[in-house]
Amino acid sequence: MTRSIAFIGLGHMGGPMAANLVTAGHRVRAYDLVAAALDTAAEAGVEPAGSAAEAVADAEVVITMLPAGRHVLDLYDDILGAARPGTLFVDCSTIDVTDARTAHERAAAAGMRSLDAPVSGGVVGAEAATLTFMVGGGEAEFAEAEVLLAALGKRSVHCGGAGAGQAAKICNNMILGVSMIAVSEAFVLAESLGLSHQALYDVASAASGQCWALTVNCPVPGPVPGSPANRDYRPGFATSLMAKDLGLAANAARAGGVQAELGLRAAELYAAYAQGAGAAEDFSGVVRTIRNQSGA
Ligand code: NAD
């Protein structure tokens, strides 16, 4: 069924997502503060709007893909009054759980329906329409959005009520961030003990050390030829984004009094690695920081 969709935020992720909605046969009116992003989207068949409020005016569904919570809340303040009552707002940005809940509250107060629906899969997944959506909000809203999100990804998981999608995203990325550091420390320890990368990989990948950080995104070159380490840590998943997500996880842990010592430490390590050139590298490049700090 063709739907009328407003798409706000046409950056690395939003640009290809909006294009995929057009490919799926939907009418997409879009807006971005950056004119060049709007031009690129127009080439893919998106209808450019003069403002976000104009884009949402006759939309059935509004999708946002913005940098952070403050952008989402500011934008919602601008556009909630411009949309038709009952419009479904789907925020796919990765934002603070508290901000996500506030966005839901503001949408409801304005007579709108809403979901938080952050993604994993990166720019490659956005382009190939293979994203995974983690969704928070009501059952009926999820059922309606699931059909639409199928044009953008391979899987949508309903995680619970308002903010549950964001909660799932930061919890998953805390596991990933910590496990990458654990795998990296093990490789640096192996180096100091004279154990080859391949030997550690052959044992750990078939034993209890097995995890995605080891067997898919292996932080040293060699054992997994497709991992970013084999291309000088070209992402993959940029360290700046991991630092952002772990910052959100750390905030949530502190706010909830959760003793997430490794998660908090991982947030510090990625934040340090994200200073300077490391920001644009794959997060598995954190192994180099660990090696340097080890004096190796
Ligand atoms: P990006 O910076 O490339 O794009 C954000 C876009 O939003 C920009 O084009 C910007 O001009 C636009 N924007 C900001 N404020 C706006 C406003 N008020 N009105 C209209 N447009 C506005 O970021 P991205 O890489 O596309 O990421 C978007 C979100 O997706 C982030 O929350 C990020 O954490 C999350 N995410 C990114 C990746 C990734 O690999 N890039 C992966 C998963 C999740």
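Predicted model: local features only at pLDDT ≥ 70, side-chain atom pairs only at ≥ 80, totals over all residues.

Me: OK, ligand first. How many residues surround the ligand, and which are the closest?
Reply: There are 25 residues around the ligand, and the closest are Gly9, Gly11, His12, Met13 and Thr94.

Me: And what classes do the residues of that shell fall into?
Reply: The shell has 15 nonpolar, eight polar and two charged residues.

Me: Which helices each supply at least two residues of the shell?
Reply: Helix H4 (69-79), helix H6 (122-128) and helix H11 (239-256) each do that.

Me: Let's stay on H4 then. Which of the residues in H4 are buried?
Reply: The buried ones in H4 are Gly69, Val72, Leu75, Tyr76 and Ile79. Looking down the axis of H4, those buried residues fall within an arc of 135°, so they line one face of the helix.

Me: What about the other side of H4, which residues are exposed there?
Reply: On that side, Arg70, Asp74 and Asp77 are exposed.

Me: What do the buried residues of H4 pack against?
Reply: They pack against strand S1 (4-8), helix H3 (52-56), strand S4 (61-64), strand S5 (88-91) and H5.

Me: Tell me about H4 and H5. At what angle do their axes cross?
Reply: The axes of H4 and helix H5 (residues 97-109) cross at roughly 10° and come within 10 Å. Angles under 35 degrees count as roughly parallel, and H4 and H5 are therefore roughly parallel to each other.

Me: Which residues meet between H4 and H5?
Reply: From H4 you have Gly69, Val72, Leu73 and Tyr76, and they meet Asp99, Thr102, Ala103, Arg106 and Ala107 in H5. By class, that contact of H4 with H5 has five nonpolar, two polar and two charged residues.

Me: New topic: H1. How many of its residues are buried?
Reply: Helix H1 (residues 14-23) is mostly covered, with eight of its 10 residues buried. The buried ones are Gly14, Gly15, Pro16, Met17, Ala18, Ala19, Asn20 and Leu21.

Me: What covers the buried residues of H1?
Reply: The cover includes S1, strand S2 (27-31), helix H2 (35-43) and H6.

Me: Now the loop between H10 and H11. Where is the cis peptide bond?
Reply: The cis bond joins Pro235 and Gly236, with omega about 15°. Gly236 lies in the loop between helix H10 (212-215) and H11.

Me: What is phi of Asp232 and of Tyr233?
Reply: Phi of Asp232 is near 55°, which is a positive value in a residue other than glycine. Tyr233 has a positive value too, with phi near 65°, and Tyr233 is also a residue other than glycine. Asp232 is in the loop between H10 and H11, and Tyr233 has its place in that loop as well.

Me: Asp232, buried or exposed? And why?
Reply: Asp232 counts as exposed because it has 10 C-beta neighbours inside 10 Å, and the cut-off for exposed is 12 or fewer.

Me: And Tyr233, buried or exposed?
Reply: Tyr233 is buried, with 24 other C-beta atoms within 10 Å. The cut-off for buried is 20 or more.

Me: Last topic, single residues. Where is Phe133, and what is it in contact with?
Reply: Phe133 is in strand S8 (residues 131-137) and is buried, with 28 other C-beta atoms within 10 Å. Leaving aside neighbours within four places in sequence, Phe133 is in contact with Ala117, Val119, Leu149, Gly153 and Ser156. Phe133 and Cys92 are 41 residues apart along the chain, and their C-alpha atoms are separated by 8.1 Å.

Me: And Ala55, which residues does Ala55 touch?
Reply: Not counting residues up to four places away in sequence, Ala55 touches Ala6, Ile8, Arg29, Ala30, Tyr31 and Ala49. Ala55 is in helix H3, and it is buried, with 26 other C-beta atoms within 10 Å.

Terms used: Residues numbered from 1 in each chain as written. Near = placed C-beta within 6 Å. Helix = DSSP H or I, 4+ residues; strand = E, 2+ residues; numbered from the N terminus. Nonpolar A, V, L, I, M, F, W, Y, C, P; charged D, E, K, R; others polar. Axes fitted to C-alpha atoms, helices over the stretch in contact; angles between N-to-C directions. Parallel < 35°, antiparallel > 145°, perpendicular 65-115°, else oblique. Contact = placed C-beta atoms within 7 Å. Arc of directions from axis to C-beta.
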